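Biologist: Could you bring the model up so that we can go through it together? I have a few questions about how the chain is put together.

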Amino acid sequence: MRNLVTGGAGFIGSHLAEELLKRGEEVVVIDNLSTGSMDNIAHLKPNPRFSFHIDTIMNETVMRRLVKKCDIVYHMAAAVGVKYIIDNPLESLETNVKGTEIVLQLANELGKKKVIIASTSEIYGKDRPGKRKFKEDDDRVLGSTTISRWGYSCAKAMDEFLALAYWREKKLPVVIVRFFNTVGPRQSGMYGMVVPRFVKHALLNQPITIYGDGKQTRSFCHVSDVVRAVIELAKKDAAVGEIFNIGNPKPISIRKLAEKVKKLTNSRSPIIHIPYEKAYEKGFEDMRHREPDITKIKEFIGFSPKMGLDETLKSIIKYFER
Ligand SMILES: NC(=O)c1ccc[n+]([C@@H]2O[C@H](COP(=O)([O-])OP(=O)(O)OC[C@H]3O[C@@H](n4cnc5c(N)ncnc54)[C@H](O)[C@@H]3O)[C@@H](O)[C@H]2O)c1
C-alpha cells in the first residue's frame, strides 16, 4: 500500500508513518513544519519506502501529484493545540477547513482514494451536568464565536460534515477518527498540551503549572494504541462512512497528574495554579470532564488501550531526558 500521511512530521503523523513502514508499506509525508519537526522523521529517512515533502496541504498542485500516487490518505495535518489556535485563529480555520476540502476533493477526483480524517473530542464541546463520557452520536454544545477555541471544534466538525457528504453523495470511502487526549514521545508542549509541559518542567525542577483548580479530569491514551487503532480501522471495510472515538476511558485529575509526573521524575518542582484567563485568553472556557465512550470501536475492531498511564508517562519522561 502507498500511504500519504499529511502532517506526517507531527506527533501522531510521525508515529503513524513509522508503524506503516514497520508493516512493510510505502509512506509519503507532506508537512509544512508549522508545529511538526524534521527531528520526528529523521530516523525514517534512510528507509527506501519513505519519502517526504516540506510543503503545505494548501498547495493544490503538489497535493494533486501526491494524492494521485497513493492508495490511501491519512489526513493528520491541522492547526493544533489550544494555544496555537488562540494565537493563530485565521490560519487555523483556513488550514482546518480549506485544507481538508482540498484533500477530500482530490481524493474523490483522482480515483476515490480512501481518506482517514483526524477529528477530535473537541467536537463535543462544553460540559453539561452529570455527563463525563461521550459517544459518537452525542449532541454538541458549544460556546460563543468570540471564544477562539470553539472555532477549532467547528472547523473539525465541518471536516466531518464534508467527509460524510463525500461518502453519501460521491461514495468516497472515508473514516472519521475522533482522538481524545493522545500522548507519547515527540509531542510538543509548546502549544498547550499538558503532559509534555508538566514533564519538561518537572525534569528542569521548574514550577509545574496547573491551569484552574486542577480538579478537572482528562483521560490520556498512548500514541501507539491510537496509531494501531487508526490503521486497523483504515483496513476495515465496515468502518467506511463511520465515526469512531479513539482514546483511553480511564480519567485522572490534572492535579493528580501533576503529582504523578513529579513523583516519577523525582522532581523538586513546586506545583502551582494559575487562572485559565492568565494562561490563555479572557473568557476562556474549559470542560471539567471528558472521557471517550469506546463501545463502538470495541465492537468494530476489538480495541482497548494496552498502555497504562504510568507506563505512558515513563515513555515520555525517557524521551525528554534524551
Ligand atoms: N494529540 C491529540 O491529543 C489530538 C487530539 C485530537 C485531535 N488531534 C488531531 O490529530 C491530528 C494530529 O495532531 P498532533 O497531535 O499530531 O499534532 P501536531 O501538531 O504534532 O501535528 C500536526 C501536523 O500538521 C502539520 N501541518 C499543519 N498545517 C499544515 C499545512 N497547512 N500543511 C502541511 N502540514 C501542516 C504540522 O506541522 C504538524 O506536523 C490533527 O488533525 C489534530 O487535530 C490530536
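Predicted model: local features only at pLDDT ≥ 70, side-chain atom pairs only at ≥ 80, totals over all residues.

Biologist: Fine. How many helices and strands does the chain have?

Modeller: The chain has 11 helices and 15 strands. Its radius of gyration is 19 Å, close to the 20 Å that the globule rule gives for 322 residues, so the chain is as compact as a globular protein of that length. Taken along the principal axes, the C-alpha atoms fill a box of roughly 55 × 45 × 40 Å.

Biologist: And how much of the chain is buried?

Modeller: Of the 322 residues, 46% count as buried. If you take the contacts with a separation of 6 or more, 79% of them are between residues 24 or more positions apart.

Biologist: On to the sheet, then. What is the strand order?

Modeller: Seven strands make an open sheet with parallel pairing, in the order S3-S2-S1-S4-S5-S7-S12. Strand S3 (50-54) and strand S12 (243-246) are the edge strands, each pairing on one side only, and the twist averages 20° from one strand to the next. Helix H2 (residues 60-69) packs on this sheet, where it touches strand S1 (2-6), strand S2 (26-31), S3 and S4, and its direction makes about 145° with that of S1.

Biologist: Which strands does S5 pair with, and over how many bridges?

Modeller: Strand S4 (residues 72-75) is joined to S5 by four bridges, and the two run parallel; Ile 72 stands opposite Lys 114 there. With strand S7 (residues 174-179), S5 pairs in the parallel sense over six bridges, among them those of Ser 119 with Arg 178 and Thr 120 with Phe 179.

Biologist: Are the two faces of S5 covered or open?

Modeller: Both faces are covered. In a regular strand the side chains alternate between the two faces of the sheet. Here Lys 114, Ile 116, Ala 118 and Thr 120 lie on one side and Val 115, Ile 117 and Ser 119 on the other, and all of these are buried.

Biologist: Switching to helices: how do H8 and H11 pack?

Modeller: Helix H8 (residues 254-264) and helix H11 (residues 309-321) pack at an angle of about 55°, with their axes 11 Å apart, and they are therefore oblique to each other. The contact is made by Lys 260, Val 261 and Leu 264 of H8 together with Leu 313, Lys 314 and Ile 317 of H11.

Biologist: What covers the buried residues of H6?

Modeller: The cover includes S8, strand S9 (208-211), H8 and H11. Eight of the 10 residues of H6 are buried, including Val 194, Phe 198 and Ala 202. Just after H6, Asn 205 takes a positive phi of about 55°.

Biologist: Last one: where is Gly 189, and why does it count as partly exposed?

Modeller: Gly 189 is in the loop between strand S8 (182-183) and helix H6 (194-203). It counts as partly exposed because it has 18 C-beta neighbours inside 10 Å, whereas a buried residue would need 20 or more. Leaving aside residues up to four places away in sequence, Gly 189 touches Pro 196, Arg 197 and Lys 200. Gly 81, which is 108 residues away in sequence, is 9.2 Å from Gly 189, C-alpha to C-alpha.

How values were computed: Residues numbered from 1 in each chain as written. Buried ≥ 20, exposed ≤ 12 C-beta atoms within 10 Å, placed from the backbone. Pairing = 2+ DSSP bridges. Contact = placed C-beta atoms within 7 Å. Rg over C-alpha atoms; globule rule 2.2 N^0.38 Å. Axes fitted to C-alpha atoms, helices over the stretch in contact; angles between N-to-C directions. Parallel < 35°, antiparallel > 145°, perpendicular 65-115°, else oblique.
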